[in-house]
Amino acid sequence: MKFLKVLVLFGLFLGCETDEGRELGKEYCKCITEAKGDVLSVGECEDHFKDEIDQIEKKPRIYKNFMEELENCQ
């Protein structure tokens, strides 16, 4: 029974990490899209999200989800 509880908690933890990467990707995409090609505005987006992106680069699963969101960015 304890094993099942640990497994469920671990699954929830991984699920939260997955959403974190996707949400960050959506926010970054929105920022870039709203910049509409303005170089200064895109630079501001990069500066705003730089620290968060640097942190998730160390977490491959989250970074992968972030990059998938950026690939789907329109």
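Modeller: A disulfide here is a pair of cysteine sulfur atoms within 2.5 Å. This is a predicted model, in which local features need pLDDT of at least 70, side-chain atom pairs count only at pLDDT 80 or more, and totals for chains, interfaces and linings use all residues. Residues are numbered from 1 along each chain as its sequence is written, and side-chain values use heavy atoms, with hydrogens and water left out.

Biologist: Numbering the bonded cysteines in sequence order, what is the pairing?

Modeller: The structure holds two disulfides. One joins cysteine 29 and cysteine 73; another joins cysteine 31 and cysteine 45. Numbered in sequence order, the bonded cysteines pair as 1-4, 2-3.

Biologist: How many residues apart in sequence are the parts that cysteine 29 and cysteine 73 tie together?

Modeller: The sulfur atoms of cysteine 29 and cysteine 73 are 2.0 Å apart. Helices are DSSP runs of H or I with at least four residues, strands are runs of E with at least two, and both are numbered from the N terminus. Cysteine 29 lies in helix 1 and cysteine 73 in the segment after helix 3, so the separation of the tied parts in sequence is 44 residues.

Biologist: Is the disulfide of cysteine 29 and cysteine 73 right-handed or left-handed?

Modeller: Look at the torsion about the S-S bond. For cysteine 29 and cysteine 73 it is about 90°, so this disulfide is right-handed.

Biologist: And the link of cysteine 31 and cysteine 45: right-handed or left-handed?

Modeller: Its sulfur atoms are 2.0 Å apart. Cysteine 31 lies in helix 1 and cysteine 45 in helix 2, so the pair ties together parts 14 residues apart in sequence. The value about the S-S bond is -90°, and the link of cysteine 31 and cysteine 45 is left-handed.

Biologist: Is cysteine 45 buried or exposed?

Modeller: Buried means under 20% relative accessible area, exposed over 50%, and partly exposed in between, with a 1.4 Å probe and protein chains only. Cysteine 45 has a relative accessible area of 2%, so it is buried.

Biologist: Which residues does leucine 24 touch?

Modeller: Contact means heavy atoms within 4.5 Å. Leave out residues up to four places away in sequence, and the list for leucine 24 is Phe49, Glu52, Ile53, Ile56 and Phe66.

Biologist: Are the rings of tyrosine 28 and phenylalanine 49 stacked or edge-to-face?

Modeller: Rings of Phe, Tyr and Trp (its six-membered ring) pair if their centres lie within 6.5 Å; planes under 30 degrees apart count as stacked, over 60 as edge-to-face and the rest as tilted. By this rule there are three aromatic pairs. The rings of tyrosine 28 and phenylalanine 49 have centres 5.3 Å apart and planes at 80°, so the pair is edge-to-face.

Biologist: What are the planes of tyrosine 28 and phenylalanine 66, as a pair?

Modeller: Both tyrosine 28 and phenylalanine 49 are buried. The ring centres of tyrosine 28 and phenylalanine 66 are 6.0 Å apart, with planes at 45°, so the pair is tilted.

Biologist: Which residues do ring pairs link into a cluster?

Modeller: Tyrosine 28 lies in helix 1 and phenylalanine 66 in helix 3, so their pair ties together parts 38 residues apart in sequence. Through ring pairs, the cluster is made of Tyr28, Phe49, Tyr63 and Phe66.

Biologist: The side chain of asparagine 65 makes a polar contact with the side chain of which residue?

Modeller: Asparagine 65 is found in helix 3 and is buried at 6% relative accessible area. A polar contact is a pair of N or O atoms within 3.5 Å; within protein, one must be able to donate a hydrogen and the other to accept it, and residues adjacent in sequence count only if both atoms are side-chain atoms. At 3.3 Å, the partner side chain is that of arginine 22.

Biologist: How far apart in space are isoleucine 62 and arginine 22?

Modeller: Isoleucine 62 lies in helix 3 and is buried at 0% relative accessibility. Isoleucine 62 and arginine 22 are 40 residues apart in sequence, while their C-alpha to C-alpha distance is 7.7 Å.

Biologist: What is the phi of lysine 36?

Modeller: Lysine 36 is in the loop between helix 1 (2–35) and helix 2 (39–56). At 75% relative accessibility, lysine 36 counts as exposed. Most residues other than glycine have a negative phi. Lysine 36 is not a glycine, yet its phi is positive, about 50°.
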